[in-house]
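Q: Hi! Could you walk me through the charged pairs in this one? I'd like to go residue by residue.

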Amino acid sequence: MWILKVLGERIANEILMYFRSQKKTATDVSLSDCIETGKDGTALSLMDVICSDKDLFEDLSTREMHRKLYEVMDSVLTQREKTVVILRYGLGDRKPLTQREIADKLGISRSYISRIEKKALNNLRDALSMH
């Protein structure tokens with residue numbers, strides 16, 4: 001994730017440097033204007049920067065959604081419910097587990113895992129619908 005931050009800062013700096021290098025009286029800027037040339041001779045244009053920022057913005061949006069989900073989970077779920085949801089859906093870069101795998105891991109029945117999961121999802125749905 002720090003790479004995305006560094007990349008985003010570098011892109012922002014390149015754009016700022018480009019505009020600072022232009023005369024203050026310049027009124028038109030083309031998206032195809034070259035703002036940097038690489039060692040191999042390839043040009044970096046404003047359009048290239050804008051296109052690569054889309055992934056950065058999507059990543060920031062996804063992180064914000066994850067933060068909000070964990071915040072709601074902390075406020076409405078018990079520790080056991082959170083554990084089941086996290087394991088079941090592979091939150092936090094985990095591999096999603098089956099109800100049977102979770103039951104074996106926690107030493108309880110699969111049907112109890114199913115009831116915990118159903119109750120937790122209902123609580124999350126209700127809490128998220130209020131936000």
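**Lysines and their partners**

A: Happy to. Lys-82 is buried, with a relative accessible area of 14% (buried means under 20% relative accessible area, exposed over 50%, and partly exposed in between, using a 1.4 Å probe and protein chains only). Keep in mind that this is a predicted model, where local features need pLDDT of at least 70, side-chain atom pairs count only at pLDDT 80 or more, and totals for chains, interfaces and linings use all residues. Residues are numbered from 1 along each chain as its sequence is written, and side-chain values use heavy atoms, with hydrogens and water left out.

Q: Good to know. Where is Lys-82 placed?

A: Lys-82 sits in helix 3. Helices here are DSSP runs of H or I with at least four residues, strands are E runs of at least two, and both are numbered from the N terminus.

Q: And what is Lys-82 in contact with, leaving aside neighbours within four places in sequence?

A: Met-73, Asp-74 and Leu-77; contact means heavy atoms within 4.5 Å.

Q: Which of the side chains meets Lys-82 in a salt bridge?

A: That of Asp-74, at 2.9 Å from N to O. A salt bridge is a side-chain nitrogen of Lys or Arg within 4 Å of a carboxyl oxygen of Asp or Glu.

Q: What about Lys-119, which residue does it form a salt bridge with?

A: With Glu-81, and the closest N and O atoms are 3.3 Å apart. Lys-119 lies in helix 5 (residues 110-130) and Glu-81 in helix 3 (residues 79-89), so the pair ties together parts that are 38 residues apart in sequence.

Q: Is Glu-81 buried or exposed?

A: Glu-81 counts as buried, at 5% relative accessibility. Lys-119 is partly exposed, at 47%.

Q: How far apart are the closest N and O atoms of Arg-67 and Glu-71?

A: They are 2.7 Å apart in that salt bridge. Both residues lie in helix 2 (residues 46-76), four residues apart, about one turn of the helix. Arg-67 is partly exposed, with a relative accessible area of 41%, and Glu-71 is partly exposed at 46%.

Q: Last one, Lys-118: where is it found?

A: In helix 5. Lys-118 counts as exposed, at 58% relative accessibility. Its C-alpha atom is separated by 9.6 Å from that of Val-85, 33 residues apart along the chain.
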